[in-house]
Amino acid sequence: MRSLNSFYLAAWCCLLLVACGGAPVKKNPLAAQAVTRSVRGEMAYMRGDYESALHEYGMALRAHLALEQVDGIANARINLASVWREMGQLDQAHAQLAALFAPPDLPYADERLAAAAAMQARLYLEQGPAGSVEQWLLRGEVLCQSRCEIAPSLSLLRAQLALRESHLVEARHLADLAAKGLQGPKQRVELANAQRLSGDIYLAENDAEHAITQFESALQLDQAMGLPAKIRLDLLRLAQGAQQAGKLEVAKNYAARAESVTRAMGLGVPAASTSAHP
């Protein structure tokens with residue numbers, strides 16, 4: 001009898017363990033596919049393979065849409081807009097971002113919408129109309145309330161706008177403010193953008209030496225992150241700074257290095273977005 005009771009006790013304990021632990025939850029295959037596609041898209045984007053990045057991010061978006069994963073949808077659309085921007089297809093980039101503000105309404109996080117608004121402002125800044133830039137910047141700032149991760153990026157955009165309007169003192173202040181807020185490991189891309197913009201401001205102030213220092217800092221960051229398109233842009237800026245400093249041979253060497261990077265990327269013609277903006 002004791003052995004029978006022991007058997008039942010052992011069986012009951014096993015059942016209890018199964019009930020408490022439960023069987024491992026199977027991963028949703030479509031959600032797993034979305035993650036895989038997003039990672040592939042990021043890798044393609046970083047190496048400058050924009051066609052592949054579009055495909056992978058597009059497949060990630062389809063999976064997120066099918067599952068109504070709002071964070072995934074927002075991230076995928078912002079990523080697609082980034083790729084279209086690098087390819088100079090600004091209308092396509094606008095369309096991806098506009099979809100986040102159009103019906104059907106989904107419960108996107110304010111920070112995601114603020115990031116989309118910031119990118120809309122950046123696109124309009126590259127296209128020209130200052131009114132649209134200000135409209136989207138304000139929208140991003142209202143959504144962000146200076147608390148979200150992209151707050152320094154909004155300051156950086158305001159610095160770009162100030163530089164374009166030749167308000168150099170304001171541009172310098174905003175660029176420095178942005179750089180101070182971009183110290184996290186995930187913010188190195190934007191920090192390099194801030195350094196590049198700071199160099200542009202120094203060039204506008206006819207201070208080529210300080211401009212070159214900023215461009216060199218941006219180049220080191222972009223090389224460490226492995227971003228060929230940004231490396232090329234840094235080298236072009238360095239060529240511009242060296243030329244302004246009267247160092248013509250140095251300028252030619254930087255330009256030749258930029259051309260070499262362009263060939264390695266397989267780009268016959270520089271993309272509009274990377275030729276003139278951070």
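A disulfide here is a pair of cysteine sulfur atoms within 2.5 Å. Keep that cut-off handy for the exercises below, and remember that you're working on a predicted model.

**Exercise 1.** Find out how many disulfides the structure holds, and which cysteines form the bond.

*Solution.* Start with the sulfur atoms: those of Cys144 and Cys148 sit 2.0 Å apart. The cut-off is within 2.5 Å, and Cys144 and Cys148 do form a disulfide. As for the count, the structure holds one disulfide.

**Exercise 2.** Work out the handedness of the disulfide between Cys144 and Cys148.

*Solution.* Take the torsion about the S-S bond, which comes to about -115°. That makes the disulfide of Cys144 and Cys148 left-handed.

**Exercise 3.** Decide for Cys144 and Cys148: buried or exposed?

*Solution.* You need the cut-offs first: buried is under 20% relative accessible area, exposed is over 50%. Cys144 has 3% relative accessibility, so Cys144 is buried. Cys148 comes in at 11%, so Cys148 counts as buried too.

**Exercise 4.** Now zoom out and describe the chain by its secondary structure, contacts and surface.

*Solution.* Count the elements: there are 14 helices and zero strands. Next, take the contacts with a separation of 6 or more: 59% of them link residues 24 or more positions apart. Last, the surface: the chain exposes about 14700 Å², with 57% of that supplied by carbon and sulfur atoms.

Key: Residues numbered from 1 in each chain as written. Predicted model: local features only at pLDDT ≥ 70, side-chain atom pairs only at ≥ 80, totals over all residues. Heavy atoms only, no water. Helix = DSSP H or I, 4+ residues; strand = E, 2+ residues; numbered from the N terminus. Contact = heavy atoms within 4.5 Å. Areas by Shrake-Rupley, 256 points an atom, 1.4 Å probe, with all protein chains shown as cover. Buried < 20%, exposed > 50% of the residue type's maximum accessible area, 1.4 Å probe, protein only.
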